[in-house]
Amino acid sequence: MPSALKLDRAAVRIGGGLVWSDVDLEVEQGEFVAILGPNGAGKSTLLKALLGLVPLSHGSVLVFGHPVRRGNDDVGYLPQRRRFDPDLRIRATDLVRLGLDGGRWGVPLPSAAKRRRVAQMIELVGATGYQDRAIGELSGGEQQRVLIAQALVSGARMLMLDEPLESLDLSNQQAISELIRGICERQGVTVLLVAHDVNPILPFIDRVVYVAGGHVLSGQPRDVIRTETLTRLYGAPVEVLHTGDGRLVVVGQYEPVSHHAIDH
Amino acid sequence: MVGQGPSWDVVADIQLLLQFHFMQNAFLAGTLVALLAGATGYFVVLRGQSFVAHMLSQVGFPGAAAGVLLHVSPVLGLITFCVAAAVGIGWLGRDVEAGNRAESAAVGSILAFSLGLGLLFFRLYAGSAQGIYAFLFGSILGIADRDVLLTFAIAAAGLAVLVWMGRPLVFASVDPDVAAARGVPVRLVSIGFLVILALAVAITVQIVGTLLIFALLVAPGASALQLTARPGLGFVLSIVLALAFTWVGLALAYFSDFPVGFFVTSLAFGAYVVIRAPKTLPVRTRAVYA
C-alpha cells in the first residue's frame with residue numbers, strides 16, 4: 001500500500017522567495033494530520049503544492065504513489081475562506097453536486113446515480129435538514145459540513161482542509177472536529193488539516209506537521225506539543241498546560257506572526 | 001403609432017402586431033436578444049458582474065459610432081469594441097469589480113472617455129443626434145434584415161456555449177478555489193464568459209440601448225435568483241422573464257405612443273420590486289407572509 005503522501009526534498013519558491021525547502025515527509029493512509037505553524041510560514045502553500053496549484057521548485061511529491069495533478073478525484077479540498085456571500089443563491093445540494101461533475105463540459109443531464117451519491121454524502125455529514133436552502137443563508141458550521149460533503153463526493157481518499165475551524169464558535173469547532181475524526185476512522189480517509197489554533201483538534205490527531213522558519217517537521221503530538229518545542233518553533237513564548245482530565249491546552253502570550261511576509 | 005388599438009382578441013391583436021415587416025423584425029430580434037440576455041444575465045447576477053455588464057455597454061457606444069462612421073454595420077462596431085474590452089478585463093483578472101476602489105476609479109475614467117469618444121465619432125459622421133439617441137436608448141423598431149441574421153447567429157452560438165460550459169461556469173463562479181483544484185480552468189472560463197457577455201451586450205444594445213441595458217441583462221437574472229436557488233430552474237426562469245419583458249414591452253409600445261425602452265425597463269423594474277419586496281420587509285411584518 002503506497003503512502004498517502006510522500007515528499008522528497010521538496011521546496012517551493014513564490015516570487016523569488018523560498019517559502020520552505022528540504023522537506024521530507026511521509027503520511028500513511030488513514031492518518032489524521034494537523035498542520036501547524038505561525039501565520040505566513042507556508043501552511044496553505046504546502047496544501048496548494050500537494051494539490052498541484054503551486055509548483056515545486058525542487059524535489060518531488062507523490063499522492064497515493066502518483067505525481068500530483070489538478071482534478072484528482074482521490075483528493076478533496078477545502079480552501080481557507082471567509083463565509084460564503086449571504087446573497088449567494090445556490091442550494092447546498094447543488095454545491096455538493098459541483099464536487100461530483102462541476103468540472104464537466106457539455107449539456108447537464110439528470111442522473112439518478114449522481115443524485116443518490118450526493119444525498120449519501122449530505123447524510124454522512126448530517127446536512128440533510130438544510131440541503132435545499134441557499135448556501136449563503138446557512139451558518140458557518142452548516143457551510144463547513146456542506147463543503148466537507150463536497151470534498152468527499154468524488155470518492156476522495158484524502159481531505160485537505162485549510163483552517164476549517166476558523167470563524168466557528170466553540171461548540172461547532174468541537175462538532176466539526178468530531179465529524180472529521182469520524183470520517184477519518186470509518187471511511188479510512190487521510191486528513192490533512194491546517195489549523196491556527198491546535199486546541200480544538202488536539203484530542204483527535206495522530207500526527208503533527210510543523211511549518212516554521214522555512215522548514216517542515218513532523219512528529220507525534222506528545223513530542224511536539226510541549227512548551228519548549230512550541231516556543232522554539234513559533235519563536236515566541238508558548239505554554240502547554242495539562243488539564244485535570246488529562247487533556248493538553250496550548251496557550252500563547254500573543255498572536256505569533258512569522259517574519260516571512262509570504263501569506264498564502 | 002398606428003390607427004388601430006388593441007381589441008382584446010388575442011389572435012387579432014397578434015395579427016395586428018405583426019402586420020408590418022418592421023414589427024416582425026422587432027419581435028424576431030427581440031426574441032433572440034432576450035434568449036441570450038436572459039441566459040447571460042443569470043450568470044451576471046450569480047457572479048456579481050453587473051458593473052462589468054454596464055461597463056461593456058458603455059464601451060460599445062463609441063464602437064457603434066465607429067461602425068456608422070466607417071459605413072459598416074453599427075452592430076459590428078459594437079461587437080468589436082465590446083469583445084476587445086471583455087478580453088482586456090478578463091486579462092486583467094477579476095479585480096475590475098465595483099468593490100475594488102482603485103480599479104473602479106480607473107474604470108470610471110475610461111467609461112467617461114469612452115462616451116466622449118462616441119460623441120466625437122457621431123459628430124464626425126454628420127452631427128446626427130438621431131444616431132446617438134438610437135444607441136443610448138435602443139432602436140428596435142428600425143432593425144434591418146441583415147442585423148436580424150447576425151443577431152440570430154450570435155444568440156444561437158452564445159446560448160449553445162453557455163449551456164455547454166454551464167457546470168464549470170457555475171463552479172468557477174461560486175467557488176473558484178475549489179473549482180481550480182478540481183481541474184476547472186477558472187481564468188479561461190472567466191474570459192470565455194466575458195466574451196459571451198460582450199456579445200450579449202452588443203446585440204442587447206439594439207433593443208434597449210446602452211443606458212437601459214440592465215433591463216434585459218441584469219433584472220431578469222436578479223428576479224430569477226430571488227425566486228429560486230436551483231441553478232437549472234433559475235437559468236430558465238431568467239430567460240422566460242427576459243422574453244416576457246421584451247414581448248409585452250413591444251406590444252405595449254405598438255399600441256401606445258410611448259417608447260419600447262420605457263416599457264421594457266418598467267416591466268423589468270416592476271417585476272423585481274414585486275419579487276423582492278416581501279423579503280426586504282422587517283422581520284415582524286414578514287412573518288405574515290410566511
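Student: Which strands does H4(A) lie across, and what is the angle to S6(A) based on?

Tutor: In this predicted model, H4(A) lies across S6 and S7 of chain A. The helix runs at about 155° to S6(A).

Student: What makes S6(A) and S7(A) a pair of strands?

Tutor: Two strands pair if at least two bridges are found between them. S6(A) and S7(A), the latter covering residues 158-162, have four bridges in the parallel sense, so they meet that condition. Within this pair, A:Gly76 stands opposite A:Leu159 in S7(A).

Student: Which sheet do these strands belong to, and why are S6 and S10 of chain A said to stand at the edges?

Tutor: They belong to an open sheet of six strands with mixed pairing, in the order S6-S7-S8-S3-S9-S10. S6(A) and S10(A), residues 215-219, each have a single partner strand, so one side of each is left without a neighbour in the sheet. On average, neighbouring strands of this sheet are turned by 15° against each other, direction ignored. Helix H7 of chain A, residues 227-234, lies across S3, S9 and S10 and runs at about 30° to S9(A).

Student: What other open sheet does chain A have, and what kind of pairing is found there?

Tutor: There is an open sheet of four strands in the order S2-S1-S4-S5, with antiparallel pairing. Its edges are S2(A), residues 17-27, and S5(A), residues 66-67; each has a single partner strand, so one side of each is without a neighbour in the sheet.

Student: How do you know that S1(A) and S4(A) pair?

Tutor: Count the bridges: S1(A), residues 5-14, and S4(A), residues 58-63, share five in the antiparallel sense, and at least two are needed, so they pair. One of the facing positions is A:Ala11, which stands opposite A:His58 in S4(A). Helix H1 of chain A, residues 43-51, lies across S1, S2 and S4, at about 115° to S1(A).

Student: Why is the contact between A:Arg9 and A:Asp22 called a salt bridge?

Tutor: The cut-off is 4 Å between a side-chain nitrogen of Lys or Arg and a carboxyl oxygen of Asp or Glu. For A:Arg9 and A:Asp22 the N to O distance is 3.1 Å, so the pair qualifies. The two residues are 13 apart in the chain, A:Arg9 in S1(A) and A:Asp22 in S2(A). Over all chains, the structure has 15 salt bridges.

Student: How many salt bridges are there between chain A and chain B, and what makes A:Asp101 and B:Arg167 count?

Tutor: There are two between these chains. In the pair of A:Asp101 and B:Arg167, the closest N and O atoms are 3.2 Å apart, which is within the 4 Å limit, so this is a salt bridge. There are also 11 residue pairs in polar contact between the two chains. On the chain A side, H2(A) supplies the largest share, five residues. By class, that side has 15 nonpolar, eight polar and nine charged residues.

Student: How many residues are in contact across this interface, and what area do the chains bury?

Tutor: Contact calls for heavy atoms within 4.5 Å, and 32 residues of chain A meet 27 residues of chain B in this way. Together the chains bury about 2,500 Å², 59% of it on carbon and sulfur atoms. A:Arg89, A:Leu98 and A:Trp105 supply 29% of the area that chain A buries against chain B, more than any other three residues.

Definitions and conventions:
Residues numbered from 1 in each chain as written. Chains lettered and ligands numbered in written order. Predicted model: local features only at pLDDT ≥ 70, side-chain atom pairs only at ≥ 80, totals over all residues. Heavy atoms only, no water. Buried area = accessible area lost by both parts, 1.4 Å probe. Polar contact = N/O pair within 3.5 Å; in protein donor to acceptor, adjacent residues only side chain to side chain. Nonpolar A, V, L, I, M, F, W, Y, C, P; charged D, E, K, R; others polar. Axes fitted to C-alpha atoms, helices over the stretch in contact; angles between N-to-C directions.
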